[in-house]
Amino acid sequence: MTDGNAEMSRRAFLTTAAGTAAVAGAAGTAVGQEGGGTATVTVGPGGDLVFEPGTSEPLQVTPGTTVEFVWDSDNHNIVVDSQPEGANWEGHETIENTGFTYEYTFETLGTYEYYCEPHLTAGMEATIEVVEEIETPEPSNVPSVPDSAKTLGVATTFAMVATLGLAFFFLKYGGDYELEDEE
């Protein structure tokens, strides 16, 4: 083997090692974002007398989130029932029909309760909670990882790193040995 080929082998090795490390790092990383942004509430989805989300469970948003209310059926409005002190949400009390949209940016922390006036007796009321941080509950159907599997994962990772380190060492310092010609 010549020095040119040995250099190419080292370069190929390092490229492969770097790529493998990048893929392994990306596979174990998850990024989440919170704050501001937008949320959508469907008013009367499919003709049902509900706000979705908001009627069965409160809609949680962080300060600075703009909520867009989208009418999916006819003859609905938004009447503010209660809101935190200092908030100035007026709702949209005019009755609107399918296709209408209304937006409001919620800034003040607290609970906002509202309803549709024509359908209040049918239970068309909802809640928006403006909170500092939205906590995502852990799903109940996710299996737990046993300690033995975690130990195996750590040992496997160590073995891979050790193998890569040894391979690098042998490629860098191993050298080529040419047989001497006996005459």
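**Group meeting: a walk through the model**

Okay, let's start with residues 152-171: that stretch is 100% helix and 0% strand, with its end C-alpha atoms 28 Å apart. Helices here are DSSP runs of H or I, at least four residues, and strands are E runs of at least two, both numbered from the N terminus. UniProt, in an unreviewed entry, lists residues 152-171 as "transmembrane region"; such annotations may be inferred rather than shown by experiment.

Quick housekeeping. This is a predicted model, so local features need pLDDT of at least 70 and side-chain atom pairs count only at pLDDT 80 or more, while totals for chains, interfaces and linings use all residues. Residues are numbered from 1 along each chain as its sequence is written, and side-chain values use heavy atoms, with hydrogens and water left out.

Now the sheet. Five strands make an open, mixed sheet, in the order β3-β9-β8-β5-β6. To count as paired, two strands need at least two DSSP bridges between them. On the edges sit β3 (59-61) and β6 (92-96), each pairing on one side only. β3 runs parallel to β9 (residues 125-130), joined by three bridges, and Q60 stands opposite E129 in β9.

Next, a loop residue. S73 is in the loop between β4 (65-71) and β5 (76-82). Is S73 buried or exposed? Buried, because its relative accessibility is 11%; the cut-offs are under 20% for buried, over 50% for exposed and partly exposed in between, with a 1.4 Å probe and protein chains only. The S73 side chain makes a polar contact with the side chain of H76 at 2.7 Å. That term means N or O atoms within 3.5 Å, one able to donate a hydrogen and the other to accept it, and residues adjacent in sequence count only if both atoms are side-chain atoms. A polar atom of the S73 side chain also lies 2.8 Å from the backbone oxygen of G44.

Last topic, the rings. The whole structure has 13 aromatic pairs, meaning Phe, Tyr or Trp rings (the six-membered one for Trp) with centres within 6.5 Å; planes under 30 degrees apart are stacked, over 60 edge-to-face, the rest tilted. F69 and Y114 are edge-to-face, at 5.8 Å and 85°. F69 is in β4 and Y114 in β8 (residues 110-115), so this pair ties together parts 45 residues apart in sequence. Both are buried. W71 and F100 are edge-to-face too, because their planes sit at 80°, with centres 5.0 Å apart. W71 counts as buried at 2% relative accessibility, whereas F100 is partly exposed at 25%.
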